Amino acid sequence: MLLITVIIIAVIFSFASTSKAKASAAREAAYRELAEKSSLDAAELKASLIEIKSRLASVERILKEVE
């Protein structure tokens, strides 16, 4: 009887650690995906800012020519 109880406890601990490992792996994958998306968003934002700066410089040049 004691042996069966020990085996059952060992199986429960094994399942618990397996489920914790799966949850951890899922969190890491979600974090990695978020980091990649953030990196892509930052690159798009940088490109947009470069375009805006270029347009602003163009408008400033036109305004100076008009004066």
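Helices are DSSP runs of type H or I with at least four residues, strands are DSSP runs of type E with at least two, and both are numbered from the N terminus. With that in hand, select Ala 16, which is found in helix H1.

Before going further, note that this is a predicted model, in which local features need pLDDT of at least 70, side-chain atom pairs count only at pLDDT 80 or more, and totals for chains, interfaces and linings use all residues. Residues are numbered from 1 along each chain as its sequence is written, and side-chain values use heavy atoms, with hydrogens and water left out.

**Stop 1: the whole chain**

Show the protein chain as a cartoon. How many helices and strands are there in the protein chain? There are one helix and zero strands. The radius of gyration (taken over C-alpha atoms) is 29 Å, well over the 11 Å that the globule rule gives for 67 residues, so the chain is more spread out than a compact globule. The globule rule is 2.2 Å times the number of residues to the power 0.38. Along the principal axes, the C-alpha atoms fill a box of roughly 100 × 10 × 5 Å.

Now switch to a surface view. The accessible surface comes to about 6,400 Å², and 68% of it belongs to carbon and sulfur atoms. Accessible areas come from the Shrake-Rupley method with a 1.4 Å probe, and for residues only the protein chains shown count as cover. A residue is buried under 20% relative accessible area, exposed over 50%, and partly exposed in between (1.4 Å probe, protein chains only). Buried residues make up 0% of the 67 residues here.

**Stop 2**

Return to Ala 16, which is partly exposed because its relative accessible area is 35%.

Is Phe 15 buried or exposed? Phe 15 counts as exposed, because its relative accessibility is 59%.

**Stop 3**

Select Ala 26, which is found in helix H1 and is partly exposed at 46%. From Ala 26 to Glu 67 is 61 Å, C-alpha to C-alpha, across 41 residues of sequence. Arg 27 is in helix H1 as well, and it counts as exposed at 56% relative accessibility. The C-alpha atoms of Arg 27 and Glu 65 are separated by 57 Å, with the residues 38 apart along the chain.

**Stop 2: the salt bridges**

A salt bridge is a side-chain nitrogen of Lys or Arg within 4 Å of a carboxyl oxygen of Asp or Glu. How many salt bridges does a search of the whole structure find? It finds two.

Select Asp 41 and Lys 37, whose side chains meet in a salt bridge at 3.2 Å, N to O. Both lie in helix H1, four residues apart, about one turn of the helix. Asp 41 is partly exposed at 37%.

Finish with Arg 55 and Glu 51, where the closest N and O atoms of the salt bridge are 2.8 Å apart. Arg 55 counts as exposed at 56% relative accessibility, whereas Glu 51 is partly exposed at 40%.
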